[in-house]
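Student: I'm new to this one and would like to go through it with you. Can we start once it's on the screen?

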Amino acid sequence: MAQFSRVSGSVGLITLQNPPVNALSAAVRQGIVDTVNKALQEPEVKSVVICGQNKVFCGGADIKSFRGVMTGPPLIPMIHAIEASTKPVVAAIEGIALGGGLELALACHYRISHTKARLGLPEVTLGLLPAAAGSQRLPRLIGITAALDLITTGRHVTAAEALQLGIVDHVTDQNTVDVALKFASSVAGKPLDARRISLYPCPPSDDTDALFEEAMQRVRRSARGAIAPVACVQAVRAAATLPYAQGLEREKELMATLFTSGQARALQYSFFAQRAVGRWSMPSGAQWDTVEPLPVQKTAVIGLGTMGRGIVVALTQAGFSVVAVETHEKQLTQAKQAIEEMLIRGAKRRGVTPEHDTITYSHSMEPVANVDLVIEAVFEDMVLKEKVFQQLSAVCKPGTLLCTNTSGLDIDHLASKTPNPELVVGMHFFAPAHVMKLLEVVYGRQSSPRAVATAMQLGKKMGKVSVAVGNCLGFVGNRMLKPYMNQAFFLLEEGASPELVDQALEEFGFIMGPFRMSDLSGIDVGWRIRKEEGLAVPDQRTGQIPRMQKGCRYSPVGDLICEQGRFGQKTGQGWYRYDKPGGRVARPDPWMQTFLNQYRATHGLVPRRIDPKEVLERCLYALINEGFQTLEEGIAAAPEDIDVIYVFGYSWPQHRGGPMFYADMVGLEKIMDRLEHYHQAHPDVPSLQPCNLLRKLVAIGSPPIHKWSQVMKTLRSQL
Ligand SMILES: CCCCCCCC/C=C\C/C=C/C(=O)SCCNC(=O)CCNC(=O)[C@H](O)C(C)(C)COP(=O)(O)OP(=O)(O)OC[C@H]1O[C@@H](n2cnc3c(N)ncnc32)[C@H](O)[C@@H]1OP(=O)(O)O
């Protein structure tokens, strides 16, 4: 809806009303059309101000409506009518002007913004482009380079930057609507042609072709296969090279392709999935809106290795005081220096002063005594963690929440070592912890809903996308990674090279394939875990690591690489070779080829040509199958949880939604058929056997993803 009122006799005030962000739903668009007509028709009205209810201008088109039948007046003619108005129209921007909201403001003759407002054209993040003439008006207003930056990244700018770029005419820290009303009154009757952006020529650049060529290359490099950023460049190019009307046609054409693409569907699904994970629930029925988090001000981090340091930085940047504990004196000094540097770099990037004095460094546990929440981030060793939890239980004040940053160890076991297991939860950060957006909050059998609510709220305050998951080996993310990595190893045995496997998955959209990723994070990490699990251990009789373990196929290739001291980037050699230890550029290594040939010969494996399609199907479908298994067991509460974990923690391309969304797009029947096909070829690999939930969903006709939860409930209740 939009409400019309007359202020001071001659200014028409139009207020958009659609909480929480005044999105341009059919009713709001109809309201704007009606109220603008009214303002134009009423002779007493000499000028107009458009603002939004509750100090929020407008969050853009109503994303929810994109998937249904579009009703109501279309956005573009409405926006053109505003610019064509013979009475001056002023946008009073408070809160946000995003997407269609900013496009609406760009059609107004003047824009006045509150200092705290944020503006942007984030359509690209939803797989779209600013198709209400934003791609044509913005370059005419602020120039090609600045417009390309905003439109291809979708980044939000502050009011100060908007003023500097020329997007807004004036910034105020007073009541923006009052300022706009006064201003509108002062410009009544003034000529408007110079204020109509569509009439502006696009500011020329020295070499337009070279500029767009360079922009296109940059965008293609970072897009990982996403089509919207490319279309955004094409639309801005149309603004730079075509008359306005023709540019608009091009914008419309490009939008039509994007609008119906699977990528737009995936990105919009991902937008809502990020918000859905905040509405967490536990098997007990406890959920986000019924549980009050515990107050947290003082925190502590135990163990200042890479993860601990990142967590200290993230907590400090979120405004918490931190006691940073490291028992080794030398490590403590190094950690302190590294943390200070990270804080300085971060503050510089954000244009703020670094916070140092909220951190207390200590090599003993004593200062932890009065904190509200502790995050343990010591080495991934259960015995060591048990010891730390016992010490914490002895020293902390009653009610302190004890969190562990383990990436997969048993939370229940750890909790059992403390007198208050209800106060123990997992907070699984991803490296580097101050950068990566994902946080898995892991509840154990006895974790209290308040403990979970507190960890979820802390994650939110740290700017993380937090997902509550159940306790099992590897939780959700690492558990699903295991069958994916296993397939990658098996493919090497069967004839693939690390390069072939990586290339297939990188072309799919992952930032790195499994082998490059494993070189980066350290091949020895998995090796250590496999040794603890009793897998990477030579048979006493043969001296070799068995290729069958507990009746299942096992590949020791990763273990054998580690036995050669090849741990990845840090040793300069892993699945690839690097110019030096710590080098970043992966080059194929002839040594690996020879090693794999010998390995295959030793085990009588006849190499075959592996098709990239097989790489994708085996790695991705095995991972997806494990995802269905976690849903079936209730470890993940909903497919959105898994998808958010994979997009934000494992570089799954966001324009493909996440593994479970991707499964829905590919078709569950196809996934099941291909898994069965591969399982027949590899009966000793149980993770290729379609799980019950997948079978059940296919049996009832493969309902779309938003209907899976009902089937999951039924299946869980039968377990
Ligand atoms: C064949 C061709 C046909 C073409 C026809 C189409 C023509 C279209 C023409 C023009 C293109 C214009 C496109 C757009 O405008 S796309 C939308 C652009 N806007 C955005 O991307 C903004 C998205 N929102 C946000 O980034 C944030 O929500 C925020 C910054 C506005 C507020 O953040 P925060 O305070 O953290 O709150 P939440 O994110 O939690 O949001 C609260 C609540 O509001 C819902 N919501 C937010 N924005 C929208 C929206 N634009 N539409 C619908 N709903 C929105 C959000 O989902 C939350 O609700 P919840 O999910 O129920 O929790």
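Student: Which residues have the most contacts inside the largest nonpolar core?

Tutor: Keep in mind that this is a predicted model. The core has 221 residues, and those with the most contacts inside it are Val 49, Val 90, Leu 129, Ala 180 and Val 374. Helix α9, residues 228-241, gives the largest share, 10 residues.

Student: What makes Val 49 count as in contact with Val 90?

Tutor: Contact calls for C-beta atoms within 7 Å. Val 90 is on the contact list of Val 49, so that pair meets the cut-off. Leaving aside neighbours within four places in sequence, Val 49 also touches Val 11, Leu 13, Ala 92, Val 177, Ala 180, Leu 181 and Ala 184.

Student: Why might nonpolar residues gather like that?

Tutor: In soluble globular proteins, nonpolar side chains tend to be buried together.

Student: How do you know where the annotated C-terminal domain lies?

Tutor: From an unreviewed UniProt entry, which puts "3-hydroxyacyl-CoA dehydrogenase C-terminal" at residues 474-578 and 615-701. In the model, residues 474-578 are 51% helix and 4% strand, while residues 615-701 are 69% helix and 0% strand.

Methods. Residues are numbered from 1 along each chain as its sequence is written. This is a predicted model: local features need pLDDT of at least 70, side-chain atom pairs count only at pLDDT 80 or more; totals for chains, interfaces and linings use all residues. UniProt positions are given in the numbering used here, feature names are shortened, and annotations may be inferred rather than shown by experiment. Helices (H or I, at least four residues) and strands (E, at least two) are DSSP runs, numbered from the N terminus. A nonpolar core is a set of buried Ala, Val, Leu, Ile, Met, Phe, Trp, Tyr and Cys residues joined through C-beta atoms within 7 Å. A residue is buried if 20 or more other C-beta atoms lie within 10 Å of its own, exposed if 12 or fewer, and partly exposed in between; C-beta atoms are placed from the backbone. Two residues are in contact if their C-beta atoms, placed from the backbone, lie within 7 Å.
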